[in-house]
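Open the model in your viewer and keep the selection tool ready. This tour goes from one selection to the next and says what is there.

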Amino acid sequence: MSADRLRLDDHIAALEAPQGLKSVLTVIAATCAQISDVVAGGALVGALGASGQINVQDEEQKKLDVITDDMLTQALLACPAIAGVASEEKDQVEPASNPAGEYLALFDPLDGSSNIDINAPVGTIVSVLKSATPTPVEADFLQTGRHQVAAVYAVYGPQTMLVLTTGDGVKGFTLSNDGQWLLTHDDITISPDTKEFAINVSNQRHWAEPVQRYLDGVLQGAEGPRGKNFNMRWVAAMVADVHRILMRGGVFLYPWDKREPNKPGKLRLMYEGNPMALLVEQAGGKATTDGVQPILDVQPTQLHQRIPVALGSANEIDAFASA
Ligand code: AHG
Ligand code: MN
Ligand code: MN
Ligand code: MN
């Protein structure tokens, strides 16, 4: 099975990239394979349920949020090319004390954590930036998404897959039974048109007018202004929703919400919005805050800042922008 498929290790080795970045990608891939094992173990390895702690986002952490955060943190800090890490689950950035450290890894160790106890898909998201210094502070992490040198997610679903860009297209690898990441999805592209949308419609009354108008038009189907019938999907794990869009098109929206104007949207720029935006743009889709402004151009001001997200099939994002 593996003989005729490109291994992720060989793909990384062949990249025109510095050795340090290659070693960071290797560590991310190896750790995601280990996380896949823990996720698959579920109740048998004590991985389900709440941890009893609250994170900096004011969310109740699941045990698996904490376990996966520790796994990624330890593995990355031990990689000599890493200067520092930041995580959804940590208040502050963590410098690595690696004298030759030149990369920063920012991650959502477990995305979709409300899915874990119901055996539905979850994922891991990682953004990689260059560091200006081997002893970074928070300000060194606050770079726009355009500066990312790599973006990766792993989705732990019926198969475990790792989807990667280093700025030259998007490739998908599937974890084999013997623990190898093998290329199964070369040159992933997002179809420009779609009839599928993903939004948590229970928040409708809190959205801005244009978002309400867009959804109204979509829900009117073939009889309405859009002239076609749409279907809705919502996995409640951004990784899985974005993965579906990379596989068969669609749009994913987590818009601004008037309940907390200072926290626009739910999703976090640095380790959810930016890495997913790079993957989506590299696959030919659009990734915006409002249909127009590219997420990758948003200048971050805080490590855990939130942004509205509208990404996916290019023509449908344009339709959203003009609603
Ligand atoms: P996380 O589990 O990392 O905190 O992220 C959860 C996010 C994202 O994955 C998902 O798209 C969204 O929350 C789901 O939100 P709802 O609770 O509104 O469904
Ligand atoms: Mn969370
Ligand atoms: Mn998340
Ligand atoms: Mn998370």
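Which residue just after α6 takes a positive phi? Select Gly-249: this residue, just after α6, has a positive phi of about 80 degrees. Helices and strands here are DSSP runs (helices are H or I, at least four residues; strands are E, at least two), numbered from the N terminus.

**Before going on**

This is a predicted model, in which local features need pLDDT of at least 70, side-chain atom pairs count only at pLDDT 80 or more, and totals for chains, interfaces and linings use all residues. Residues are numbered from 1 along each chain as its sequence is written, while chains are lettered from A and ligands numbered from 1 in the order in which they are written.

Colour the protein by pLDDT, the predictor's confidence in each residue, from 0 to 100. The mean is 97, and 99% of the residues reach 70 or more. The model scores are ipTM 0.98 and pTM 0.98.

**The two domains**

Select residues 2–185 and then 196–321: these are domain 1 and domain 2. Their bounds come from an automatic or database domain assignment. The C-alpha centres of the two domains lie 23 Å apart. Their contact takes 35 residues from domain 1 and 29 residues from domain 2, where two residues are in contact if their C-beta atoms, placed from the backbone, lie within 7 Å.

On the side of domain 1 that touches domain 2, β5, β6 (122–130), α4 (138–141), β7 (150–156) and β8 (160–165) each give two or more residues. With five residues, β6 gives the most to that side.

**The UniProt ranges**

Now select residues 8–185, where UniProt places "domain: Fructose-1-6-bisphosphatase class I N-terminal" in an unreviewed entry. UniProt positions are given in the numbering used here, feature names are shortened, and annotations may be inferred rather than shown by experiment. Over residues 8–185 the chain is 28% helix and 32% strand, and the end C-alpha atoms are 12 Å apart.

Select residues 191–321 next: UniProt places "domain: Fructose-1-6-bisphosphatase class 1 C-terminal" there, also from an unreviewed entry. This range is 34% helix and 12% strand, with its end C-alpha atoms 18 Å apart.

**Around ligand 1**

Select ligand 1 and show the residues around it, among them Glu-59, Asp-108, Asn-200, Met-238 and Lys-266. A residue is near a molecule if its C-beta atom, placed from the backbone, lies within 6 Å of it. Two elements give two or more residues to this shell: β5 (103–111) and α6 (238–248). Domain 1 and domain 2 each supply at least three of the shell residues.

Colour the shell by class and there are three nonpolar, three polar and six charged residues. Ala, Val, Leu, Ile, Met, Phe, Trp, Tyr, Cys and Pro count as nonpolar, Asp, Glu, Lys and Arg as charged, and the others, Gly among them, as polar.

**Back to α6**

How many of the 11 residues of α6 are buried? Eight are, so α6 is largely enclosed by the rest of the structure. A residue is buried if 20 or more other C-beta atoms lie within 10 Å of its own, exposed if 12 or fewer, and partly exposed in between, with C-beta atoms placed from the backbone. The buried residues include Met-238, Asp-241 and Leu-246.

**Two loop residues**

Select Ser-97, in the loop between β4 (94–95) and β5. Ser-97 is not a glycine, yet has a positive phi of about 50 degrees. Ser-97 is exposed, with 11 other C-beta atoms within 10 Å.

Finish at Asn-119, in the loop between β5 and β6. Although not a glycine, Asn-119 has a positive phi of about 55 degrees.
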